[in-house]
Amino acid sequence: MTDRITLKQALERIKQLEKENADLREELEYFKKRKASGRQKHNAKWMNIYNDYVICYENGMSLIEIAERNNISKRTVYRYKEIL
């Protein structure tokens with residue numbers, strides 16, 4: 001025989017699931033707002049530096065000068081060169 005669930009039990013279970021859902025939404029918001037470690041995504045600052053790199057590189061400026069101008073590492077400049 002199957003177990004029958006009363007309306008009261010069903011409503012109680014719905015309340016439990018709604019609370020669980022709210023808790024999970026709160027946890028999800030925490031993870032969305034958390035700053036990721038490691039390399040960051042390409043944001044406006046990165047795009048400005050990269051665009052300046054392209055302009056300077058095309059105008060013949062040395063890679064070391066570009067790194068000093070934008071206050072970035074030489075390795076970053078070489079990584080940009082691989083992209084270009």
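Modeller: Before we start: buried means under 20% relative accessible area, exposed means over 50%, and partly exposed is in between. And keep in mind that this is a predicted model.

Colleague: Fine. Is Arg75 buried, exposed or partly exposed?

Modeller: Arg75 comes out at 47% relative accessibility. Exposed needs over 50% and buried needs under 20%. With its 47%, Arg75 therefore counts as partly exposed.

Colleague: Which residue does Arg75 meet in a salt bridge?

Modeller: Look for a carboxyl oxygen within 4 Å of a side-chain nitrogen of Arg. Here the N to O distance is 3.8 Å. Arg75 pairs with Glu82.

Colleague: How many salt bridges are there by this rule?

Modeller: Side chains of opposite charge can pair when their charged atoms come close. Going by the rule, the count comes to four.

Colleague: In helix H1, what separates Asp23 and Lys19?

Modeller: These two form a salt bridge, with the closest N and O atoms 3.2 Å apart. Asp23 is partly exposed at 40% relative accessibility, while Lys19 is exposed at 53%. They sit four residues apart in H1, so the separation is about one helical turn.

Colleague: Asp52 and Arg69 also meet in a salt bridge. How many residues apart are they?

Modeller: Their N to O distance is 2.9 Å. The pair links distant parts of the chain, with Asp52 in helix H2 (residues 44–58) and Arg69 in helix H3 (residues 63–70), and the spacing is 17 residues.

Colleague: Is that Asp52 buried or exposed?

Modeller: Asp52 has a relative accessible area of 16%. The cut-off sits at under 20%. So Asp52 is buried.

Colleague: What arc do the buried residues of H3 fall within?

Modeller: The buried ones are Leu63, Ile66, Ala67 and Asn70. Seen down the axis of H3 they line one face of the helix, because they fall within an arc of 100 degrees.

Colleague: Which exposed residues does the face turned away from the buried side of H3 carry?

Modeller: The buried residues of H3 pack against H2 and helix H4 (74–83). On the face turned away from that buried side, the exposed residues are Glu68 and Arg69.

Colleague: And which residues make the nonpolar surface patch of about 310 Å²?

Modeller: One member is in helix H1 (residues 7–33), namely Ile14. Its relative accessible area is 43%, so Ile14 is partly exposed. The patch is made by Leu7, Leu11 and Ile14.

Methods: Residues are numbered from 1 along each chain as its sequence is written. This is a predicted model: local features need pLDDT of at least 70, side-chain atom pairs count only at pLDDT 80 or more; totals for chains, interfaces and linings use all residues. Side-chain values use heavy atoms; hydrogens and water are left out. Patches are made of residues with over 30% relative accessible area and no salt bridge: like charges are joined within 9 Å, nonpolar side chains (Val, Leu, Ile, Met, Phe, Trp, Tyr) within 5 Å. Accessible areas come from the Shrake-Rupley method with a 1.4 Å probe; for residues, only the protein chains shown count as cover. Helices (H or I, at least four residues) and strands (E, at least two) are DSSP runs, numbered from the N terminus. Buried means under 20% relative accessible area, exposed over 50%, partly exposed in between (1.4 Å probe, protein chains only). The arc is that of the directions from the helix axis to the C-beta atoms. Contact means heavy atoms within 4.5 Å.
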